[in-house]
Amino acid sequence: MINGTDSRAIALEILMEITQEKEYSHIAIRNALDKVGYLPKQERAFINRLVEGTLEYKIRIDYVLDQFSSVKVKKMKPVIRNILRCGVYQLLFMDSVPDAAACNEAVKLAQKKGFYSLKGFVNGVLRTISREKEQITYPSRENRLSEYLSVYYSMPLWLTERWLGEYGPEITETMLQDSLRDHPVTIRLQTYRMNPEVCIESLERQGAVVTQAPFLSYARYLSGFDQLAGLKSFHMGSFVVQDVSSMLVTEIAAPQKGDTVIDLCAAPGGKSLHMADKMEGTGHVQARDLTDYKVELIRENIRRTAVTNVEAVKKDATVLDKESVGTADIVLADVPCSGLGVIGKKTDVKYRSDLDKIQELAVLQKRILHNAASYVKPGGVLIYSTCTITREENIDNVNWFVENYPFELESIDPYLCEELHSETTQQGYLQLLPGVHQTDGFFMARLRKQQG
């Protein structure tokens with residue numbers, strides 16, 4: 001096992017790559033941990049938690065640092081700033097790490113990085129926080145609710161204010177709490193060509209824990225394993241990693257045997273593979289995406305699951321494909337979006353989003369919908385979905401689409417369990433909220449094209 005300073009040094013390098021070079025956190029973490037795959041599971045888990053936790057709580061951590069440091073966070077040298085952030089995360093959120101160890105290892109790391117003259121500064125700030133952490137004050141919940149929620153749950157203020165306005169305090173706090181909790185890996189058991197019970201037994205023999213997920217009989221939570229790549233059932237294609245919300249999209253699409261399906265923005269292919277599974281090897285699913293990299297992700301999953309009725313194709317959803325006009329029984333437009341429904345799994349989203357980006361995405365989504373409309377056969381179905389919770393990207397786009405194209409919303413109640421039935425599902429759409437529905441935040445709507 002490597003020593004504490006070395007494991008923290010790995011975490012620091014990952015944080016520097018994310019905060020300074022703007023790499024996506026999941027990519028930076030995955031690449032770094034792949035390089036140290038020889039380390040024990042516990043050591044890799046420590047590095048992963050330290051990085052992810054520091055990022056998740058960055059706003060709160062910076063608020064605390066600004067209370068105790070003579071140099072404000074924004075004025076600190078980037079390396080020192082991230083060393084202190086890691087130190088504060090350990091002091092406030094990692095009970096398994098003694099305060100003295102968190103402080104000492106941070107000082108050693110500062111020296112190792114060549115900041116010998118700042119070791120006293122690092123030591124002083126962290127030891128003061130360690131002594132006085134029970135006296136940390138946050139904005140007044142009673143008088144400054146939006147600021148309190150923003151700092152305490154480490155969510156950008158503009159987003160907290162927006163959610164308070166749209167959903168009210170109770171639901172907003174529920175979503176904020178969900179954004180910081182651990183989210184289990186959710187899998188979809190293949191039901192055609194595979195026996196789900198055999199898959200479950202195989203996973204359990206390998207030491208994994210398999211529990212029922214909500215709303216769908218074939219959805220499970222998977223835990224207790226080291227790496228997915230080490231599970232025999234994964235290589236056999238017996239299951240697909242996919243959130244329940246994503247599975248519900250295919251449920252409301254309700255593909256029939258022999259259908260022609262076009263999935264416009266398909267990578268990594270979960271919904272396309274689910275469509276194929278529902279169609280029991282018949283019909284044809286064309287899974288499209290914009291780049292070679294994304295198309296290869298889809299192809300990898302097709303190969304792993306040995307599905308025969310899915311084809312991965314490189315196409316730009318914003319460019320009309322004349323050959324596809326009027327050819328599809330079902331078109332799935334799971335469009336690029338702000339991703340605000342998956343902040344709990346993709347921490348970067350909350351730091352990379354803003355109002356301008358949401359507006360730009362809503363315009364892009366309309367362009368994709370314009371083309372999608374022409375691919376659907378008369379009487380066919382268009383499914384519109386996103387992994388976000390903004391009106392502009394969801395119901396506003398649907399209302400715009402219905403006003404301008406020959407489509408009508410139709411009830412999705414026949415395809416959902418009774419627990420999910422509501423006034424909106426009867427109308428034809430569903431907005432899932434993180435923490436409220438035990439899924440990612442997700443929007444989906446079913447639109448039927450008029451005949452003739």
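Mentor: The expected span of a helix is 1.5 Å times one less than its number of residues. Helices (H or I, at least four residues) and strands (E, at least two) are DSSP runs, numbered from the N terminus. What you see is a predicted model: local features need pLDDT of at least 70, side-chain atom pairs count only at pLDDT 80 or more, and totals for chains, interfaces and linings use all residues. Residues are numbered from 1 along each chain as its sequence is written, and side-chain values use heavy atoms, leaving out hydrogens and water.

Trainee: OK, what should helix H7 (residues 119–132) span, and how far apart are its end C-alpha atoms?

Mentor: With 14 residues at 1.5 Å a residue, H7 should span 20 Å, and its ends are 20 Å apart, so the two agree.

Trainee: Which residues of H7 are buried, and what covers them?

Mentor: Buried means under 20% relative accessible area (exposed is over 50%, partly exposed in between; 1.4 Å probe, protein chains only). In H7 that picks out Val 122, Val 125, Leu 126, Thr 128, Ile 129 and Ser 130. Their cover includes helices H4 (58–68), H5 (78–93) and H6 (99–112).

Trainee: Why is Ser 353 called buried?

Mentor: Its relative accessibility is 8%, and the cut-off is under 20%, so Ser 353 passes. You'll find Ser 353 in the loop between helix H15 (348–352) and helix H16 (355–375). Leaving aside neighbours within four places in sequence, Ser 353 is in contact (heavy atoms within 4.5 Å) with Trp 158, Ser 338 and Leu 340.

Trainee: What makes strands E2 (209–212) and E4 (239–241) edge strands?

Mentor: The open sheet runs E2-E3-E1-E4, with antiparallel pairing. E2 and E4 each have a single partner strand, so one side of each is left without a neighbour in the sheet. From one strand to the next, the twist averages 35°.

Trainee: How do you know that E2 and strand E3 (residues 219–223) pair?

Mentor: Pairing takes at least two DSSP bridges. E2 and E3 have 4, so they qualify. Within that pair, Gln 212 has Arg 220 of E3 as its bridge partner.

Trainee: Now strand E5 (residues 260–263): how many bridges join it to strand E6 (residues 284–289)?

Mentor: There are 4, and the strands run parallel. The chain gets from E5 to E6 through helix H13 (residues 270–278), a right-handed β-α-β crossover. It is called right-handed because, with the strands pointing away from the viewer, the path from the first strand over the helix to the second runs clockwise. E5 is also joined to strand E8 (residues 328–334), again parallel, by 3 bridges.

Technical notes: Axes fitted to C-alpha atoms, helices over the stretch in contact; angles between N-to-C directions.
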